[in-house]
Amino acid sequence: MSGHLEHPRARAAARAVTVLSVLAAMIAGGCSRPETAPETRAAGLTLPAGAAVAAEAITADDLLRDVTELSSDAMEGRLPGSAGDRRARAYLAAQLGELGLEPAFGEDGWEQPVPIVGVTSHLPETWSFRAPGGGEVAFRLGDEYTGASGVQQRSVSIDDAELVFVGYGIQAPEEGWDDFKGAELAGKVLLMLNDDPDWDPALFGGERKLSYGRWTYKYESAARQGAAAAVIIHTTPSAGYPWQVVRTGWAGEQFELAAGDEPRTLLKAWLAEGAARRLAALTGHDLDRLVESARSPGFAPVALGATTSLRFAADLHSAATANVGGILRGADPELADELVVISAHHDHFGVGEPDATGDTIYNGALDNCVAMAQTLAVARAFTTLPAPPRRSILFLFPAAEEQGILGSAYFARSGAFHSGRIAADINFELGNVWGLTRDVTIFGKGKSELDELLAPLAEGQGRVLVGEPDVRAGWFYRSDQISFARVGVPAIWFKSGTDFIGRPAGWGEATYAEWIERKYHQPSDEVDPSWTLDGLVQDARLAFLLAATVATRDAMPAWVPGDEFEDERLAALAELR
Ligand SMILES: [Zn+2]
């Protein structure tokens, strides 16, 4: 973090210059000979020689060509395991090869196979709970409850399991929080609140939703207790979306990574708020009082006295997909084992129901071909540097993100690269096709040193760095960067700005909202002749400069002290010592 001068290990090949001098040269209209012996250095900010010129190798034409290819009907919407999926992966591998990169997964190994399993759970039309005194409530599938099997088995049965309210279901030693208090919860059905504590700025990041507040954490937390089932109480404020989203999202086939030896609950369920009220009332409790009691670090699980049984069948089907990756080997013999990852998922939803125009192909042009094109463009820029930077760069296209962020999770835990050797992940998803902006948005701002590396680079483009508009929505946890964060790697979702040059205030937000409404996850997400790609070029250049900085400076970036992922990082780094 301090302003290191030339590190003894740094090689001439990776000669570093200050970001200020490079940016000054860029502002002056591009340069071919960056200053080599700068008077001043911005704290820790260094770039490889020639970075400013290399950034200019990123062009709108290249971006549009890759987006057009990857989102063409020939790719059939890139559903994991489909022919279109294989075609898209082959295209990416060919591009990485043409750029002269090395296969990331061994000789000829452009792909890391990712085994996934589709699980279709046939939950019963009603799910009932019995009170000890004989009363009973039943909830209708879809309207009042939903969920999925937690295990990859063809039949699941829960018999006379006891219902226990466990508050938020969180164990967070760094927050001094443990909702379980050592209670015996094996075989029980755990009823829990969504979200994480948000009423105290000193607890769980205040209003910011941390991973403790996500449903993925809740189900894993219940599984660690040996519970039979976890039931999350849905409310629109705590989820950030209405019940309808839960209802449709959990219906039908759910893809997951093939099961390993991790603990699992038999059932992962959701209960609508009204249903949760009736369930609490059945046991003589008031839901609001239970919620109130959970808002304290002194909370302990409350056995509600009700029991439930549930049996259902599930269909399983295995599919094979793969992450795709290429590496630019770093120039520093000691730091080349460390990686900066640039990522963008390659999958989408395949072919489905026709829309109003009869179109059935979910091309996913913005989601996520634009981001793949940015990743390829950044790779192209790196290969035009006079010499590679000190650390290696991995250009990674994770599989099956739309199905629950599966490919990147598999990659992060696979050990293909030790997490303690991954300097950072810069993830692209849903880029900007509407023009130049005065701002640049990253999801994950305020969490790691990546902010302070990026801010002056953005300033060099005349832009300001801003965070996500709604920290309660938990966007940081909703794309591939989270898989890296969860194994301790500092990560950001490199989004884009919303303050468009030449447009009135609010235009960016309105345009994006309209896109979400009309095209997001619909067959109409296609290349559009009205797109303006200069903003996309600007973002890709900025991400390139950030990656180049991370690859060149002496130290890998760190989490902000006390961040939810800091302990994981320190443990990963300690393993390498
Ligand atoms: Zn996506």
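Guide: Happy to! One term before we start: helices here are DSSP runs of H or I with at least four residues, strands are runs of E with at least two, and both are numbered from the N terminus. In those terms, isoleucine 405 sits in the loop between β17 (392–397) and α11 (406–414). Please keep in mind that this is a predicted model.

The part I would pick is the zinc site. Three protein residues donate to the zinc ion, namely His345 through NE2, Asp367 through OD and Glu429 through OE, at 1.7 to 2.2 Å. Along the sequence these donors follow the spacing H-x21-D-x61-E. The histidine and aspartate pair ties distant parts of the chain together: histidine 345 belongs to the loop between β16 (339–343) and α10 (365–383), while aspartate 367 lies in helix α10, 22 residues away. Neither is open to the outside, as histidine 345 and aspartate 367 are both buried.

The peptide bond leading from it to asparagine 368 is cis, with omega near 25 degrees. Asparagine 368 is itself part of helix α10.

From here, let us turn to threonine 321, which belongs to strand β15 (residues 302–328). Its relative accessible area is 3%, and since buried means under 20%, threonine 321 counts as buried. Its side chain makes a polar contact of 2.8 Å with the side chain of aspartate 85. Beyond four places in sequence, the contacts of threonine 321 include Pro80, Gly81, Arg89, Gln112, Val114, His346 and Ala399.

Arginine 89, one of those partners, is a residue of helix α4 (residues 83–98). At 8% relative accessible area, arginine 89 is buried as well. Outside its sequence neighbours within four places, arginine 89 touches Glu111, Ala320, Thr321, Ala322, Val324 and His346. Along the chain, methionine 75 is 14 residues from arginine 89, and their C-alpha atoms are 9.8 Å apart.

Two further backbone details may interest you. Aspartate 160, however, counts as exposed, with 51% relative accessibility.

Finally, here is the background to the site. The chain holds 16 helices and 21 strands. Its radius of gyration is 25 Å, close to the 25 Å that the globule rule gives for 577 residues, so it is as compact as a globular protein of that length. Along the principal axes, the C-alpha atoms fill a box of roughly 85 × 55 × 50 Å. Buried residues make up 57% of the 577. Among contacts between residues at least 6 apart in sequence, 82% join residues at least 24 apart. Helix α15 (residues 534–552) shows how enclosed an element can be: 17 of its 19 residues are buried, so it is largely enclosed by the rest of the structure. Helix α15 spans 27 Å from first to last C-alpha, close to the expected 27 Å.

Notes. Residues are numbered from 1 along each chain as its sequence is written. This is a predicted model: local features need pLDDT of at least 70, side-chain atom pairs count only at pLDDT 80 or more; totals for chains, interfaces and linings use all residues. Side-chain values use heavy atoms; hydrogens and water are left out. Donors are N, O and S atoms within 2.8 Å of the metal (3.2 Å for Na, K and Ca); water is not among the atoms, so sites may look incomplete. Buried means under 20% relative accessible area, exposed over 50%, partly exposed in between (1.4 Å probe, protein chains only). A polar contact is a pair of N or O atoms within 3.5 Å; within protein, one must be able to donate a hydrogen and the other to accept it, and residues adjacent in sequence count only if both atoms are side-chain atoms. Contact means heavy atoms within 4.5 Å. The expected span of a helix is 1.5 Å times one less than its number of residues. The radius of gyration is taken over C-alpha atoms; the globule rule is 2.2 Å times the number of residues to the power 0.38.
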